[in-house]
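Please keep the sequence and the 3D view at hand while reading.

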Amino acid sequence: GVRWREKEKVAYTIPTPPGSKKDTSAPLPSAYSPQYVEACWYQWWEKEGFFTPEYHSRLPQAVEHTFSLCIPPPNVTGSLHLGHALTVAIEDALTRWRRMQGYRVLWVPGCDHAGIATQVVVERRLLRERGLRRQDLSRQQFLEEVWDWKKEKGDEIYLQLRRLGASLDWSRACFTMDPGFSAAVSEAFVRLFEAGLIYRSERLVNWSCALTSAISDIEVDSVQLSGRTLLSVPGYEDKVEFGTMVTFAYPLEGQDGEIAVSTTRPETMLGDVAIVVHPDDPRYQSLQGSVCCHPFTGRLLPILTDPIVDTQLGTDFQLSLRHALPRLSVIGGDGTMNELCGKWLQGVRRFEARGKVLSALKERGLYRGTVEHPMTLPICSRSGDVVEPLLRSQWFVRCEAMAQRAMQAVEDGQLDITPDFYKKTWRSWLSNISDWCISRQLWWGHQIPAYQVSFSGSADLQEEGSDALWVCGRSSDEARKKAAQKYGVSEEEVTLTQDPDVLDTWFSSALFPFAMLGWPDQTPDLQRFYPNSLLETGSDLIFFWVARMVMLGSELTGQLPFQQVVLHSMVRDAHGRKMSKSLGNVIDPLDVIAGVSLQALQQKVTAGNLDPKETTVALEAQRHDFPSGIPECGTDALRFALCSYKAQGDDINLSVSQVLSTRHFCNKIWNAVKFTLGALGEDFTPLPLTKVSVQGGVDRWQCSRLYSTVLQCDQGFQQFELHAVTAAVYSYWLHNLCDVYLECVKPVLSGDGSAREAARQVLYHSVRQGLALLSPFMPYLSEELWHRLPPLAPQPPSICLAPYPQPANLAHWHFPEEEANFLLVQEVVRVARSLRSQYRLTKERPDMWVQCSGPQQAAALEHFLSAVQTLSRVGALRLLLPAGGDPSPPSGCAVGVVNDSCQIHMRIQVKAPPLSKSEEKQPLM
């Protein structure tokens with residue numbers, strides 16, 4: 001588990017009205033404290049309008065490029081989890097980078113109405129608090145309850161996004177049930193209907209009895225069963241058996257004999273209207289044309305033949321269409337058997353009816369046995385219920401042609417998907433796409449703008465297979481006009497009944513990139529920011545959301561909604577397990593930011609809806625992983641740590657220990673800037689970058705490392721490889737600036753003259769540019785420390801508006817020879833420190849000789865001799881060239897080999913023996 005010591009928490013106590021700039025004149029606290037650093041900044045950024053594209057015109061570095069994207073809208077019901085935090089960390093880093101580059105940036109926040117999830121939450125609340133079911137209220141009353149809940153829940157999600165430092169333009173926040181967005185949804189439905197891309201049909205749909213609603217194909221999880229399996233089903237106390245095949249017999253009518261039928265769902269035999277066999281199956285040659293009698297309904301079942309029958313597994317829904325058979329549904333939407341089954345089964349739940357049917361078959365001597373049967377069981381991903389294929393008249397989107405264009409866009413390079421391997425997934429799914437059922441039997445959501453039409457004589461006009469005459473309209477008035485025109489009657493004669501169903505939530509989500517900008521109106525935002533520059537989201541949404549945005553966006557606007565898709569992986573726990581409440585490994589990002597006790601973590605589990613066994617497992621997992629709770633890590637550390645993982649590829653196994661070590665990194669930066677401020681002093685005046693003269697070897701190395709880091713960051717950002725950017729920034733601050741340059745420059749800074757002034761200028765720009773590199777990932781820490789540095793004109797009001805360091809602006813600081821030579825210095829220092837550790841030379845500064853047989857290496861070390869001396873923490877240091885006639889080092893020295901042509905000799909003056917091999921492995925504190 002994660003073990004840690006409580007750090008001192010420092011609060012920012014200077015009175016600052018919300019939205020006012022934070023006072024940075026007070027001395028910095030002695031150590032980094034996230035609570036202190038994160039206070040006040042966000043409200044100020046927001047109030048000043050820094051995150052709006054309108055601020056672009058005030059940037060000195062402004063360029064005529066636009067960068068626009070939308071946040072994948074989180075559900076209004078939920079709280080943010082680490083998957084959301086990863087999305088925010090990546091998207092905000094990209095957004096802040098482009099803003100600092102001078103782009104006109106728009107990142108739109110949004111929230112999804114989450115039809116099913118929200119309705120379930122409100123229904124549970126009504127039952128718990130007032131003992132009411134949804135059906136006890138009118139539709140309007142229930143919707144008022146949902147809106148009340150939405151107002152009460154308020155902007156919880158938005159507050160969490162602000163806490164994560166997301167630089168979103170809140171003036172354009174968009175909720176999918178807002179009036180403007182709802183109008184866009186109706187417009188989209190009507191246009192697609194009029195284009196023949198939305199149609200109504202009676203088909204087998206995936207039905208969730210727990211939700212009493214249809215769900216789409218991609219909301220169905222397939223569970224593989226190898227044989228007989230007992231599973232928990234929502235609403236049933238006892239587990240239900242699956243993975244078996246039941247065989248029973250239908251007796252032939254008017255002759256001896258029977259025909260055996262096998263099924264995994266014996267309760268559905270009440271709806272059988274015929275038996276279809278393969279014409280070449282020898283078992284049934286003599287029975288073709290015969291009739292069976294249904295033992296429970298008395299219905300006569302003809303034995304028909306059809307070559308599409310699978311001789312092993314029987315028939316399917318297509319056969320009923322081919323043979324014009326009546327299609328009977330014997331299971332109702334609530335999962336109970338209906339009146340077609342007879343009184344003995346009517347109202348009985350489907351899996352209880354299964355047992356009753358088997359018992360009745362046995363009583364009549366028609367049961368022929370049960371065998372284990374491997375099968376795929378469809379499970380509703382939203383409710384955990386077993387999906388029932390039911391016949392229903394629903395609205396469908398015709399997908400084939402739109403999917404073809406979406407595939408072609410990727411093939412032609414108009415749409416790029418990163419990482420590349422998802423292009424194959426894209427092609428595979430879209431080439432096998434089925435039409436999309438968009439009807440949902442809910443009350444919360446966008447009610448379908450389709451109307452049943454009736455008037456005197458309308459029943460005679462109804463087409464075969466249709467459940468009614470239908471028209472679509474943006475309003476009931478428009479629908480009435482269309483109906484009157486279509487059927488040649490007056491508007492007064494027409495009676496309209498709007499379809500009570502609502503649209504699949506993913507239908508409205510698919511419109512987000514353009515509906516958020518005011519579509520269908522040609523608003524200035526739509527003209528300037530559409531198509532979006534980028535769509536960044538989790539790879540699990542490639543079909544649910546990304547493909548549908550591309551299909552509907554292209555169809556409705558004539559343009560791809562974005563040219564670039566970047567997909568990130570799923571966040572798992574430190575052990576690689578999917579995060580789930582039942583495992584107790586779900587981590588709230590706010591708990592990582594602010595810290596939380598084990599007791600508080602455990603209270604969250606016990607307050608949940610887990611069954612007792614799952615609760616026990618979850619509590620034990622928390623005690624193991626977080627014996628002392630989760631430490632306060634801060635927003636910056638969480639964001640930086642999340643971006644440090646390679647997000648495009650394997651899943652991310654997030655460890656809180658990694659976030660904690662990033663908090664320690666924040667403290668390193670804090671101390672480095674505190675030292676810098678002390679070293680610069682009150683009298684320091686920074687020069688522009690172009691006027692800084694770089695003379696000394698270590699100064700030149702430091703400047704070149706800055707240039708190389710800026711180059712790596714630029715390349716990483718361009719390729720969406722944020723892990724490469726964070727690695728470069730981390731290495732720069734820790735291994736270049738803190739571990740090397742600050743140590744080397746201390747003796748210079750304590751002197752005076754031109755070397756000191758040059759070092760102060762290099763130090764100032766190294767820190768200032770380093771904070772700018774850090775800013776997209778650590779907005780709070782970089783802002784706090786940047787305001788403490790002496791200003792350099794033209795000084796923007798915030799670091800989030802400062803120019804992002806560009807390789808071209810630092811090219812004059814590129815000294816590749818210094819960087820290459822300094823690698824030898826670092827190797828010499830490493831070996832010297834290893835000898836010091838081995839001989840327990842913790843405080844002594846022993847004399848050291850460096851012997852080089854190669855003149856080039858000797859010249860490199862000569863150039864950086866003072867750096868070698870300082871970093872190795874040695875006394876006198878001498879460079880020896882045997883080829884040049886230099887004497888050998890004195891005897892009795894400890895020797896360390898750097899490479900084939902370089903070794904060091906260190907004078908050992910202490911009596912302590914060297915460390916043993918086992919002791920050497922112990923870390924030195």
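## Helices α7 and α16

In this predicted model, the residues Ala188, Arg191 and Leu192 of α7 are in contact with Leu552, Glu555 and Leu556 of α16.

Two packed helices are described by the angle between their axes and the distance between the axes. For α7, which spans residues 179-194, and α16, which spans residues 542-557, the axes come within 11 Å and cross at roughly 75 degrees. Because an angle of 65 to 115 degrees counts as roughly perpendicular, α7 and α16 are described as roughly perpendicular to each other.

## Helices α22 and α23

The axes of α22 (residues 697-718) and α23 (residues 722-749) come within 8 Å, and their crossing angle is roughly 170 degrees. That angle makes α22 roughly antiparallel to α23, since values over 145 degrees are assigned to this class.

On the α22 side, the residues that make the contact include Val698, Trp701, Arg705, Leu706 and Phe717, and on the α23 side they include Leu722, Val725, Tyr732, Leu737 and Tyr741. Taken over both helices, the residues of the contact divide into 14 nonpolar, five polar and two charged.

Aspartate 499 is placed in the loop that runs between β23 (495-498) and β24 (502-503). With a relative accessible area of 4%, aspartate 499 is buried, because the cut-off for that class is under 20%.

The side chain of aspartate 499 is joined to that of tryptophan 395 by a polar contact of 2.8 Å. When neighbours within four places in sequence are left aside, the residues in contact with aspartate 499 are Arg200, Trp395, Gln447, Ile448, Ala450 and Trp470.

## Exceptions in the backbone

Most residues other than glycine have a negative phi, and most peptide bonds are trans. Against that background, tyrosine 530 and proline 531 are joined by a cis peptide bond with an omega of about 0 degrees, and proline 531 is found in the loop between α15 (524-529) and β25 (535-538). A cis peptide bond also joins alanine 793 and proline 794, with omega about -5 degrees; here the proline belongs to the loop between α25 (779-786) and α26 (816-838).

Positive phi values in residues other than glycine are found at threonine 212, where phi is near 45 degrees, and at alanine 324, where phi is about 50 degrees. Threonine 212 lies in the loop between β5 (198-208) and β6 (213-215) and is partly exposed, with a relative accessible area of 26%. Alanine 324, in the loop between α8 (317-322) and α9 (350-363), is exposed, its relative accessible area being 69%.

## Cysteines without disulfides

A search of the whole structure finds zero disulfides. Cysteine 399 accordingly takes part in none, and the nearest cysteine sulfur, that of cysteine 437, is 11 Å away. The relative accessible area of cysteine 399 is 1%, so this residue is buried.

Methods: Residues numbered from 1 in each chain as written. Predicted model: local features only at pLDDT ≥ 70, side-chain atom pairs only at ≥ 80, totals over all residues. Heavy atoms only, no water. Helix = DSSP H or I, 4+ residues; strand = E, 2+ residues; numbered from the N terminus. Buried < 20%, exposed > 50% of the residue type's maximum accessible area, 1.4 Å probe, protein only. Polar contact = N/O pair within 3.5 Å; in protein donor to acceptor, adjacent residues only side chain to side chain. Contact = heavy atoms within 4.5 Å. Axes fitted to C-alpha atoms, helices over the stretch in contact; angles between N-to-C directions. Parallel < 35°, antiparallel > 145°, perpendicular 65-115°, else oblique. Nonpolar A, V, L, I, M, F, W, Y, C, P; charged D, E, K, R; others polar. Disulfide = S-S within 2.5 Å.
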